[in-house]
Amino acid sequence: IQSDQFPRIRVGIGSEKKVDLIHYVTGGVSKSEKELLEDALVKAAKSAACIVEKGIDGISCTVITKKDTYCLEIPSPGGYMIYPASMAVVIGEYLGMPKEEIEAGVAAYVSTGSRMRRIRLAGERLIIDDCYNANPQAMQEALRILAKSRNRKLAILGDMGELGELTNQAHYNMGALAAMLG
């Protein structure tokens, strides 16, 4: 959110009391905090409109709240990015941030670790690194984004852990989707 007031924001939740920051960020949430977060998620999901995917370069969308209309440029690919961006708007409004700062904060988003990280190489080559804790939904989206990109494509897929009895079927489905998308 482009602010040095918060060492880390726990989505939709603030603390006015002195607490152990590590425990606060990584610990559980209270019933009232959970209700606040669920309310923010519902509002965020209802607020996104006019979504324009720009392939590997990201996505644009308009987020409409009771307070204002936000034109967001999200510099990360994938339609699923409208949800965290919409949440950022709702949370920014809740924190009293100005519209310009909210829009600039979303536009300044940088993927962390290996989450849809784009590594541009010479000769218009591109690596999409999306291997952090892969799950079926994220892998499907990464394959769809790759399929829409220009030039020659190569997908290197790793394991998706922690799927229990769905493991074999989920891995089979990813192979089938990769084959279908070419």
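This is a predicted model: local features need pLDDT of at least 70, side-chain atom pairs count only at pLDDT 80 or more; totals for chains, interfaces and linings use all residues.
Biologist: What pattern of helices and strands does the protein chain follow along the sequence?

Modeller: The protein chain holds 6 helices and 5 strands. Read along the sequence, their order is α-α-β-β-β-α-α-β-β-α-α.

Biologist: What share of the 182 residues in the protein chain is buried?

Modeller: Buried means under 20% relative accessible area. By that cut-off, the share of the protein chain's 182 residues that is buried is 31%.

Biologist: Among contacts between residues at least 6 apart in sequence, what percentage joins residues at least 24 apart?

Modeller: Take the contacts in the protein chain between residues at least 6 apart in sequence. Those that join residues at least 24 apart come to 43%.

Biologist: Which elements give two or more residues to the largest nonpolar core?

Modeller: The largest nonpolar core has 13 residues. Cys 61, Val 63, Tyr 70, Leu 72, Ile 74 and Val 89 have the most contacts inside it. The elements that give this core two or more residues are strand S2 (59-64), strand S3 (69-74), helix H3 (82-94) and helix H4 (99-107).

Biologist: Which residue takes a positive phi in the hairpin of S4 and S5?

Modeller: That hairpin has 3 residues between the strands. A phi near 70° is found there, at Gly 123.

Biologist: Are helices H5 and H6 roughly parallel or roughly antiparallel to each other?

Modeller: The axes of helix H5 (residues 136-148) and helix H6 (residues 167-181) come within 10 Å. They cross at roughly 10°. Angles under 35 degrees count as roughly parallel. H5 and H6 are therefore roughly parallel.

Biologist: How do the residues of the contact of H5 with H6 divide into nonpolar, polar and charged?

Modeller: H5 supplies Pro 136, Met 139, Gln 140, Leu 143, Arg 144 and Ala 147. H6 supplies Ala 170, Met 174, Leu 177, Ala 178 and Leu 181. The contact divides into 9 nonpolar, 1 polar and 1 charged.

Biologist: Is Ala 170 buried or exposed?

Modeller: Ala 170 is found in helix H6. Setting aside residues up to four places away in sequence, Ala 170 touches Pro 136, Met 160 and Leu 163. Its relative accessibility is 9%, so Ala 170 counts as buried.

Biologist: Met 180 is in helix H6 too. How far is its C-alpha atom from that of Ala 147?

Modeller: Met 180 is exposed, with a relative accessible area of 63%. Along the chain, Met 180 and Ala 147 are 33 residues apart. Their C-alpha atoms are separated by 9.8 Å.

Biologist: Why does Pro 77 count as buried?

Modeller: Pro 77 lies in the loop between S3 and H3. Beyond its neighbours within four places in sequence, Pro 77 is in contact with Gly 55, Ile 56, Gly 58, Met 116, Arg 118 and Ile 145. From Pro 77 to Ile 145 is 68 residues in sequence, but 7.2 Å in space, C-alpha to C-alpha. Pro 77 counts as buried because its relative accessibility is 0%.

Biologist: What of Val 110: buried or exposed?

Modeller: Val 110 is found in the loop between H4 and S4. Val 110 and Pro 75 are 35 residues apart in sequence and 7.5 Å apart in space, C-alpha to C-alpha. At 60% relative accessibility, Val 110 counts as exposed.

Definitions and conventions:
Residues are numbered from 1 along each chain as its sequence is written. Side-chain values use heavy atoms; hydrogens and water are left out. A nonpolar core is a set of buried Ala, Val, Leu, Ile, Met, Phe, Trp, Tyr and Cys residues joined through side-chain atoms within 4.5 Å. Buried means under 20% relative accessible area, exposed over 50%, partly exposed in between (1.4 Å probe, protein chains only). Helices (H or I, at least four residues) and strands (E, at least two) are DSSP runs, numbered from the N terminus. Axes are lines fitted to C-alpha atoms, for helices over the stretch in contact, and angles run from 0 to 180 degrees between N-to-C directions. Angles under 35 degrees count as roughly parallel, over 145 as roughly antiparallel, 65 to 115 as roughly perpendicular and the rest as oblique. Contact means heavy atoms within 4.5 Å. Ala, Val, Leu, Ile, Met, Phe, Trp, Tyr, Cys and Pro count as nonpolar, Asp, Glu, Lys and Arg as charged, and the others, Gly among them, as polar. Two strands pair if DSSP finds at least two bridges between them.
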